[in-house]
Amino acid sequence: MPLMISDATFNADGSLGFNDNGHAGLWGDVIMVNGVPWPTMKVKPRIYRFRVLVASITRSYRPTLSTGDPFYIVGTDGGMTPKVEAVQSWRQGTAERYEILIDFRKYKVGQMIEMRNLSNKNNVNYANTNKIMRFQVVADSGSMAGSISAIPTTLDDGGSPNPELGGLDVMKLTPDMAVAKRILRVKRQNGEWTINDETWEDVEASGFSRCFANTQPYSVEQWTITNESGGWFHPLHIHLIDGKIIDRNTNGGKPFPWEGGPKDVFYAGENESVTVLMQFNTGAHNGGRYMVHCHNLVHEDHDMMVQFSVGDSQNNDPVSSDYPVVDTTPMNSYPPVYRPGLAAGT
Ligand SMILES: [Cu+2]
């Protein structure tokens with residue numbers, strides 16, 4: 001069952017409100033799951049598997065159950081976790097995905113189990129942003145086909161991408177395979193959000209040729225994302241790759257327990273460093289340029305995005321692709337106004 005968690009503010013007429021707090025972020029006072037404010041889901045007394053996506057503009061979450069019972073982490077952004085971890089809560093920022101099991105078998109019919117939000121540092125909270133949704137247990141019925149009868153302890157993490165081309169299983173990457181180590185410093189400076197002192201404006205000014213790194217297809221590298229600020233968190237998204245987190249300075253040099261699978265969004269919390277191994281599996285592409293950006297969409301818009309190249313950096317030239325049509329629809333207009341050039345298939 002997919003659970004897409006987001007937040008929003010609404011104007012009195014029901015339209016969406018927008019306030020990016022001076023480019024810091026948007027924090028809504030209404031929490032929605034799959035577009036519904038604080039929903040109740042009926043569940044049978046069985047084990048359920050949920051894929052959780054945070055689709056908020058800015059807000060990050062720390063889900064927990066009102067019963068104090070654990071979640072079982074079985075998957076991350078790009079695949080399954082080789083080892084299943086039981087956690088009381090986990091931290092999830094925009095665009096991160098976590099797959100969890102909840103065991104409803106021990107609860108009574110009629111019981112309500114709330115999924116709450118413990119929040120994280122530097123989120124702006126309101127009266128009810130500590131609640132996400134709830135589950136109501138109903139009598140079991142129907143076939144047990146497809147159900148599992150026990151919480152697994154280990155999983156197949158999905159194998160390797162394009163093994164015939166040299167694609168390795170990301171969860172089996174080791175630091176000695178890395179041919180380069182790089183540091184990505186995420187920072188607020190001169191009124192801009194920057195990565196290694198640069199923004200997408202610098203990339204634009206270079207005619208989209210500027211790259212902070214030139215990597216080779218199927219090479220392995222080790223990147224450390226470091227956030228020396230105490231005031232901000234950044235869920236940094238690296239395109240193309242799946243990464244294996246090998247170090248967190250705030251967790252004794254280990255990944256957090258929920259980070260044991262392939263990741264492509266890396267939560268760089270306040271004063272945190274996170275180190276990731278990755279392979280540049282270009283697959284059917286011959287290479288080209290790929291983006292790295294903060295997935296707080298307000299930060300991304302102002303202008304926290306840079307690019308790296310793999311192999312021939314002239315491939316996938318973004319300048320030669322279709323030019324976007326400028327949409328002047330106000331942010332809070334609903335229903336959306338469809339404009340020529342934005343129709344499906346163009
Ligand atoms: Cu950010």
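Which residues is N227 in contact with, leaving aside its neighbours within four places in sequence? I found V186, W232, F233, H234, A268, G269, E270, N271 and E272, with contact meaning heavy atoms within 4.5 Å.

Before going on, I noted that this is a predicted model, where local features need pLDDT of at least 70, side-chain atom pairs count only at pLDDT 80 or more, and totals for chains, interfaces and linings use all residues. Residues are numbered from 1 along each chain as its sequence is written, and side-chain values use heavy atoms, with hydrogens and water left out.

Entry on N227. I placed N227 in strand β15, residues 220-227 (strands are DSSP runs of E, at least two residues, numbered from the N terminus). N227 is buried, at a relative accessible area of 1% (buried is under 20%, with a 1.4 Å probe and protein chains only). A polar atom of its side chain lies 3.1 Å from the backbone oxygen of A268. For the backbone oxygen of G269, I read 3.0 Å to a polar atom of the N227 side chain.

Entry on the copper ion. H234, from the contact list of N227, turned up again here: H234 (ND1), C294 (SG) and H299 (ND1) coordinate the copper ion at 2.0 to 2.1 Å. Donors are N, O and S atoms within 2.8 Å of the metal (3.2 Å for Na, K and Ca); water is not among the atoms, so the site may look incomplete. Along the chain the donors are spaced H-x59-C-x4-H. H234 in strand β16 (residues 234-238) and C294 in strand β20 (residues 287-294) are 60 residues apart, so this pair links distant parts of the chain. I logged both as buried: H234 has a relative accessible area of 1%, and C294 has 0%.

Notes: Helix = DSSP H or I, 4+ residues; strand = E, 2+ residues; numbered from the N terminus. Buried < 20%, exposed > 50% of the residue type's maximum accessible area, 1.4 Å probe, protein only. Polar contact = N/O pair within 3.5 Å; in protein donor to acceptor, adjacent residues only side chain to side chain.
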